[in-house]
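Opening the notebook on a new model. I want the surface first, then the overall build, then a few spots along the chain.

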Amino acid sequence: SSAYSTPKQPVVRFKRNKHHKGSIYCVAWSPCGQLLATGSNDKYVKVLPFNAETCNATGRPDLEFSMHDGTIRDLAFMEGPESGGAILISAGAGDCNIYTTDCQRGQGLHALSGHTGHILALYTWSGWMIASGSQDKTVRFWDLRVPSCVRVVGTTAVASVAVDPSGRLLATGQEDSSCMLYDIRGGRMVQSYHPHSSDVRSVRFSPGAHYLLTGSYDMKIKVTDLQGN
């Protein structure tokens, strides 16, 4: 059989109908795997308490947060012991704020303002740091120990962001089909290149940051070797 033989149909372990009133744009697991968060164009963030062993909702009521006044485009749980694994960040359209929420206590923490266009992508690393990519043609870095923007990087409209496991390198996918690599510690752009012919909607590093995976509206997934030139 070839590497591209017909894939097996997935087995559905859990299904929840009508979870939101609108389309679901983003989903994230908490680091402990006990919370499943979703964001929608119904302007709600919902957090479902989940048991991974039984693959089912725990029966505890969902948490529902209504701080957004536009479509939620991305969300992510902060990692690291400082956050207890239950601090959720979310952003999107509307007021273009990034909201942080303590899902353990069910309360909001910060509203991070600065972006002037829809935020399409969030990435969090090292327990405190957040990168946000926006249609306002910037990537902003935030440090939750000082809940304000710590750096603004100007580029073209940003559709996806990721930081490599060492926290040294930022990758962005842009709406103009380009990707940017940015040295976070040095504060400089390393490279910009065009692996696709349309919006780059997804970027992720391999565990050792040897490769960058990009997905685009051009219906292609590409792997770029970062070890070469």
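This is a predicted model: local features need pLDDT of at least 70, side-chain atom pairs count only at pLDDT 80 or more; totals for chains, interfaces and linings use all residues.

**Surface and ground rules**

I started with the accessible surface of the protein, which comes to about 12,200 Å², with 49% of that belonging to carbon and sulfur atoms. Areas are from the Shrake-Rupley method with a 1.4 Å probe, and for residues only the protein chains shown count as cover.

Residues are numbered from 1 along each chain as its sequence is written, and side-chain values use heavy atoms, with hydrogens and water left out.

**Overall build**

I looked up the secondary structure and got 0 helices and 20 strands. Those are DSSP runs numbered from the N terminus (helices H or I, at least four residues; strands E, at least two). The radius of gyration is 18 Å, close to the 17 Å from the globule rule for 229 residues, so the protein is as compact as a globular protein of that length. That radius is taken over C-alpha atoms, and the rule is 2.2 Å times the number of residues to the power 0.38.

The C-alpha trace spans about 55 × 50 × 30 Å along its principal axes. I have 48% of the 229 residues down as buried, where buried means under 20% relative accessible area, exposed over 50%, and partly exposed in between (1.4 Å probe, protein chains only).

**A hairpin**

Next I checked E16 (residues 179-183) and E17 (residues 188-193), which run antiparallel and are joined by 5 bridges. Pairing here takes at least two DSSP bridges between two strands. Leucine 181 sits opposite glutamine 191 in E17. The hairpin has 4 residues between the strands, and glycine 187 takes a positive phi near 65°.

**Two residues**

Is threonine 101 buried or exposed? At 3% relative accessibility, threonine 101 counts as buried. I find threonine 101 in strand E8 (residues 98-102). Beyond four places in sequence, its contacts (heavy atoms within 4.5 Å) include Phe65, Met67, Ile87 and Leu109.

Aspartate 225 belongs to strand E20 (residues 221-225). With 43% relative accessibility, aspartate 225 counts as partly exposed. Leaving out neighbours within four places in sequence, aspartate 225 touches His210 and Tyr211. I also looked up aspartate 225 against alanine 209: 16 residues apart in sequence, 9.2 Å apart in space, C-alpha to C-alpha.
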